[in-house]
Amino acid sequence: MNASDLWRELKNLKNLRFFRLVVRDDNVIPLGLISNLHKLKVFGFTAVGVRDEREEKEFVKELECSSNLEELWVVITTKGALNKLLNSTKLQSCIYGLALHDVGGQVNGLLLLAIMSKMKHMKYLELSDLKNEIDLSVCDTCRLSMLQDIYIHDCNTIRHLTWLKYAPLLQELYVLCCYSIEEVINGEIILEEDEKDTIFPSLEVLILRKLPNLWSIHETILSFPSLKSIHVADCENLKKLPFDSNLAKAKLRLIKGFQEWWDNLEWDDLATKATFHSKFLELQPL
């Protein structure tokens, strides 16, 4: 069945309540489909389709007018559609997953963080191919209380990810091909002793790849009580991990990276390095 046949058949499913589709091409949901599905409660569509701004704004408007919608997973690719989303309290209340891909124009990062804090159900966030400058500095009102997974790819104006300290349930963090990132948590943020357990308390998987300017995850030791694995590749300036021997006794099972990177890591003492050596697995060059 081709895409046009699929959309035509779906349009006739007047009682459809749950719709989630994962595709790898650039299909787009045709305008008018959502407005025909009057009983739709859950909608998720992850393809990065090619729409002009007017069409995507109309699509977001259709979602907003879907009276029974309770759970939304959506990809946004234009500035106009993003603004429409950020001004809709209805959609903010039902977003579970949000992906921003190649959104043109200047994005107000502080406003974005403030609005995302109102998305009380958001579990997944993806930022990819954001080419224009976006300021994601620490926002005191930022509270990403339900965020569990975040994927950041090819965003080359972000310098650090300190705002993720406000995501206490974050389990998986993927950061790839972001040439501007220098730190995960900004070293200027002074942590009190009792705060170190509140940074990434639920993080299980940390993936850092092709971040040539990354030099620090954090300048001081973090406890990472839930961390199971960390993968580091092509981050040649990351010379030190914020680990101490206590982490080796916790849940950490795997440190994966290239041998040269591992050999050049700096440790507070040889005993600490020896503690983690058994957990290291060498990445093989492609």
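The legends below describe close-up views of a predicted model.

**View 1. Overall composition of the predicted model.** The protein has 286 residues, of which 48% count as buried. Its secondary structure consists of 9 helices and 11 strands. The accessible surface comes to about 13,900 Å², and carbon and sulfur atoms contribute 49% of that area. Of the contacts between residues at least 6 apart in sequence, 64% connect residues at least 24 apart.

**View 2. The open sheet of 11 strands.** The strands follow the order β1-β2-β3-β4-β5-β6-β7-β8-β9-β10-β11, and the pairing is parallel. At the edges lie β1 (18-21) and β11 (280-282), each of which pairs on one side only. Neighbouring strands of this sheet are turned against each other by 10 degrees on average, with direction ignored. Helix α3 (residues 53-64) packs on the sheet and touches β2 (42-45) and β3 (71-76). The direction of α3 makes about 175 degrees with that of β3. In general, the strands of a sheet pair through backbone hydrogen bonds, in either a parallel or an antiparallel manner.

**View 3. Strand β8 and its two partners.** On one side, strand β7 (residues 172-176) is joined to β8 (residues 205-209) by 5 bridges, and the two run parallel. Within this pair, Tyr-174 stands opposite Ile-207 of β8. Another 5 bridges join β8 to strand β9 (residues 229-233), again in parallel. Here Leu-206 stands opposite Ile-230 in β9. Because 4 of its 5 residues are buried, β8 is largely enclosed by the rest of the structure. As a general rule, side chains in a regular strand alternate between the two faces of the sheet.

View 4. Phe-200 is placed in the loop between β7 and β8. Although Phe-200 is not a glycine, its phi is positive, at about 55 degrees. Lys-210 is placed in the loop between β8 and β9. Phi of Lys-210 is likewise positive, near 55 degrees, in a residue other than glycine. For context, most residues other than glycine have a negative phi.

**View 5. The largest nonpolar core and the surroundings of Trp-163.** This core has 84 residues. Those with the most contacts inside it are Phe-43, Leu-98, Trp-163, Phe-200, Leu-208 and Phe-243. With neighbours within four places in sequence left aside, Trp-163 is in contact with Leu-113, Leu-125, Leu-127, Leu-136, Cys-142, Leu-144, Ile-150 and Ile-152.

**View 6. Val-60 in helix α3.** Val-60 belongs to helix α3. Its relative accessible area is 2%, under the 20% limit, and Val-60 is therefore classed as buried. Apart from residues up to four places away in sequence, Val-60 touches Ile-76, Ala-81, Lys-84, Leu-85 and Leu-91. Val-60 and Lys-84 are 24 residues apart along the chain, and their C-alpha atoms are separated by 7.1 Å.

**View 7. The buried residues of helix α4 and their cover.** In helix α4 (residues 79-86), the buried residues are Gly-80, Ala-81, Leu-82, Leu-85 and Leu-86. Their cover includes α3, β3, α5 (89-92), β4 (95-101) and α6 (109-116).

View 8. A search of the whole structure finds 0 disulfides. Cys-65 is exposed, with a relative accessible area of 57%. Cys-94, in contrast, is buried, with a relative accessible area of 2%. A further cysteine, Cys-142, is one of the residues in contact with Trp-163.

How values were computed: Residues are numbered from 1 along each chain as its sequence is written. This is a predicted model: local features need pLDDT of at least 70, side-chain atom pairs count only at pLDDT 80 or more; totals for chains, interfaces and linings use all residues. Side-chain values use heavy atoms; hydrogens and water are left out. A nonpolar core is a set of buried Ala, Val, Leu, Ile, Met, Phe, Trp, Tyr and Cys residues joined through side-chain atoms within 4.5 Å. Buried means under 20% relative accessible area, exposed over 50%, partly exposed in between (1.4 Å probe, protein chains only). Contact means heavy atoms within 4.5 Å. A disulfide is a pair of cysteine sulfur atoms within 2.5 Å. Accessible areas come from the Shrake-Rupley method with a 1.4 Å probe; for residues, only the protein chains shown count as cover. Two strands pair if DSSP finds at least two bridges between them. Axes are lines fitted to C-alpha atoms, for helices over the stretch in contact, and angles run from 0 to 180 degrees between N-to-C directions.
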